[in-house]
Number of protein chains: 2
Amino acid sequence: MRADTTDMPEFSPRQNAVLEQALRLLVEGGEKALTTSGLARAANCSKESLYKWFGDREGLLAAMIAHQAAKVRTFERSGERLTADLLRDHLELFARDLLEVLAGDVSLALNRLAIGQANREGSKLGKLLLEHGRRQIDRRAMALIDQGKRAGLLRFDNADAAYHTLYGLVVSDLHVRMLLGEPGLKDNARQAEKAVAAFLTLHGTQKQSADALGVSAGR
Amino acid sequence: MRADTTDMPEFSPRQNAVLEQALRLLVEGGEKALTTSGLARAANCSKESLYKWFGDREGLLAAMIAHQAAKVRTFERSGERLTADLLRDHLELFARDLLEVLAGDVSLALNRLAIGQANREGSKLGKLLLEHGRRQIDRRAMALIDQGKRAGLLRFDNADAAYHTLYGLVVSDLHVRMLLGEPGLKDNARQAEKAVAAFLTLHGTQKQSADALGVSAGR
DNA sequence: CCTTTTGCGTACCGTACGGTACGGTTCTGC
DNA sequence: GCAGAACCGTACCGTACGGTACGCAAAAGG
């Protein structure tokens, strides 16, 4: 067992197919639909193999999280020079991607699963989900924010706090609402626009037009 | 059965005591610890009584939410004239209260319960929790924000959007993180300060000192 | 005083889960 | 071609849950 750098356990293709079925069951029917017998039936494998591969049920859940995290890769092309417009575009793209990811079926199902399991102490699922699922998108945003500061387009003391501000402006309580079963937004792009405009008002160095802040036509 | 105005079912004292025990079990051991047998044993009542009072398990959960919501009452003293400083104080008090409520044991446990149950269709728990648990605090904030606008201290198009902005600035992703098992903030008051400062920068009519925005010492 | 209601404690039932064991089959390495 | 591993399908076990039924004590009501 190596250090915790970037060693994905990387399951076999067969195991990945099984994990895919597991995710499907979880998305379709929630935690109660994800039983060992049901998964074995759906994936055409034996329960014995499940226990051999993943240890026990919690190991299976952890493997599902790792498997899903491995699928979501975020590109990091940060070569170009930043202008104010470019920064805004990238921030809005990030915001849209964030909203899309959070509203995804699999993401919601896994978060519900981990949250439902987060009461008793020995539940590493929550931590696992935060680390694996969030690290990618966090790093992308932090890189973008840092770049904006180095380019003189953003100002802040604490990059972490600035990122949390951006996150809050973009997501607000939408994530929890969706986790509780409410439908998502009708227009992610509009929400992204307004959130980024507010963020630039707070942390941008250039005067903002404040158009998208609240002085536009109907809601 | 009347209209859905404000008619709490209002359980008997005995039933309230049972619901209190149910909440205790839920907080201590999560959903899996809240079994009918366990509750009957803990509350010194019979399973038959449980089913007679609450119908079935979901009815019990709904009753728990209603019972908890009935305990959290928010005061609405809105007589005094608002000044800028007073508005800021009230906003910060609201933010601190919001953070405190969200971080509460019972709130977290009930949210985890409803979220874990929110996958399959027939789960009214999520909606119930949002309506009962959120309505009080939402109305308090909306009243405050409206008052601020009427006093000429705030400007915005859409009070709802402005409230969501405030909520996002205060809470960010903290709620989800706590639901996943992370510990809460060390200093709610500081977070409330910074969030309200940012909110006033966005929607206040007076120049903000920007002191608490990010140019202060330490993280 | 007697009757009716309410509710406690316990036992019970059907079901479904997590986890294990076993026989038979396919795949793999030599 | 053959031995051994991997694996599938199924059966099995213990347990624990949701929900129901029953017997009996205590309170409510007349």
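Visitor: What makes A:Val170 and B:Val170 stand out in the largest nonpolar core?

Guide: Of the 112 residues in that core, A:Val170 and B:Val170 touch the most other members. This is a predicted model, in which local features need pLDDT of at least 70, side-chain atom pairs count only at pLDDT 80 or more, and totals for chains, interfaces and linings use all residues. Residues are numbered from 1 along each chain as its sequence is written, and chains are lettered from A and ligands numbered from 1 in the order in which they are written.

Visitor: Why is this called a nonpolar core?

Guide: The term is used because the set holds buried Ala, Val, Leu, Ile, Met, Phe, Trp, Tyr and Cys residues joined through C-beta atoms within 7 Å. Buried means that 20 or more other C-beta atoms, placed from the backbone, lie within 10 Å of the residue's own; 12 or fewer is exposed, and in between is partly exposed.

Visitor: Which residues does A:Val170 touch?

Guide: Leaving out residues up to four places away in sequence, A:Val170 touches A:Ala95, A:Leu98, A:Leu99, A:Ala192 and A:Ala195. Each pair is a contact because the C-beta atoms, placed from the backbone, lie within 7 Å.

Visitor: How many residues of chain A are in contact with chain B?

Guide: 40 residues of chain A are in contact with 40 residues of chain B. H6, H7, H8, H9 and H10 of chain A each supply at least two residues of this side of chain A. H8(A) gives the most, with seven residues. By class, the side divides into 17 nonpolar, 15 polar and eight charged residues.

Visitor: What makes a residue count as near DNA strand D?

Guide: A residue is near a strand if its C-beta atom, placed from the backbone, lies within 6 Å of it. 18 residues surround DNA strand D, and the closest are A:Cys45, A:Ser46, A:Ser49, B:Thr35 and B:Arg57. H3(A) supplies the largest share of that surface, four residues.

Visitor: Which residues are closest to DNA strand C?

Guide: The closest are A:Thr35, A:Arg57, B:Cys45, B:Ser46 and B:Ser49, among 18 residues that surround DNA strand C. H3(B) gives the most to this surface, with four residues. The surface has three nonpolar, seven polar and eight charged residues.

Visitor: Where in chain A does pLDDT stay under 50?

Guide: pLDDT is the predictor's confidence in each residue, from 0 to 100. The value stays under 50 over residues 1-7 of chain A and over residues 215-219 of chain A. Chain A averages a pLDDT of 90, and 89% of the residues score at least 70.

Notes:
Contact = placed C-beta atoms within 7 Å. Nonpolar A, V, L, I, M, F, W, Y, C, P; charged D, E, K, R; others polar.
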